[in-house]
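User: I have a structure open and would like to go through it with you. Could we begin with a single residue and then look at what surrounds it?

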Amino acid sequence: MREDDFIVSKTDLKGRITYGNRIFIEFSGFDERDLIGVQHNIVRHPDMPPEAYRDMWRTIGRGLPWTGLVKNRRKNGDHYWVRANATPMVRAGQLTGYMSVRTRPSREEITATLAPRLTTAMSWVTNPCRTGFGELRQRLPPAAPSHRSSYRTVASLLLGPPSCTKSTPGTLM
């Protein structure tokens, strides 16, 4: 996504797509006929916390604009990050739908969004007396299943076996 690209879509009051610009169609990987008339959550990536969408709908439902960083899903299962700006559309004093304009976020914004999960995973990996992956999952914020394999990979690749002098049940050696 280039700096000057704008992804634009509009939905009706129930969140069904009524319009998507060329860039939305291109980045999502869907054909226009796959998008028009379906719920906008067709591009929702499973890694996105449901709380983000609840906050968005609560905010725009009160007639206010909402902005947030969103990880979207492409048709092929890949993803792309956007800075989403959603707002209610009003005509003649009547709410008619919603519009979203998305732009390219900076690497810093994406990193800041991912930082809490990475910090927790890294603190577990660098602990010389770390225990099994179950403990890691308990200490992490809720994650989509696709993130869990990433945590295992990070833990397996970094630092090798722990250097803990005392062995306890469940310790990875």
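User: Where is Val70 placed?

Analyst: Val70 sits in strand S3; strands here are DSSP runs of E with at least two residues, helices are runs of H or I with at least four, and both are numbered from the N terminus. This is a predicted model, in which local features need pLDDT of at least 70 and side-chain atom pairs count only at pLDDT 80 or more, while totals for chains, interfaces and linings use all residues. Residues are numbered from 1 along each chain as its sequence is written, and side-chain values use heavy atoms, with hydrogens and water left out.

User: Is Val70 buried or exposed?

Analyst: Val70 counts as buried because its relative accessible area is 5%. Buried means under 20%, exposed over 50%, and partly exposed in between, using a 1.4 Å probe and protein chains only.

User: Which residues is it in contact with, leaving aside neighbours within four places in sequence?

Analyst: Val70 is then in contact with Met48, Tyr53, Tyr80, Trp81, Val82 and Ala84, where contact means heavy atoms within 4.5 Å.

User: Which residues have the most contacts inside the largest nonpolar core?

Analyst: They are Ile7, Phe24, Trp66, Val70 and Tyr80, in a core of 20 residues. Such a core is a set of buried Ala, Val, Leu, Ile, Met, Phe, Trp, Tyr and Cys residues joined through side-chain atoms within 4.5 Å. Helix H1 (22-28), H3, S3 and S4 each give two or more residues to this core.

User: Changing topic, what is the strand order in the sheet?

Analyst: The open sheet has 5 strands in the order S2-S1-S5-S4-S3, with antiparallel pairing; two strands pair if DSSP finds at least two bridges between them. Strand S2 (17-20) and strand S3 (66-73) are the edge strands, each pairing on one side only.

User: How many bridges join S1 and S2?

Analyst: Strand S1 (residues 7-11) pairs with S2 over 3 bridges, in the antiparallel sense. Lys10 has Tyr19 in S2 as its bridge partner.

User: And what about Thr59, buried or exposed?

Analyst: Thr59 lies in helix H3 (residues 50-61) and counts as buried, because its relative accessibility is 9%. A polar atom of its side chain lies 2.8 Å from the backbone oxygen of Asp55.

User: Which residues does Thr59 contact, beyond its neighbours within four places in sequence?

Analyst: Thr59 is in contact with Leu64, Pro65 and Trp66, with those neighbours left aside. Trp66 is also listed among the residues with the most contacts inside the largest nonpolar core.

Conventions. Polar contact = N/O pair within 3.5 Å; in protein donor to acceptor, adjacent residues only side chain to side chain.
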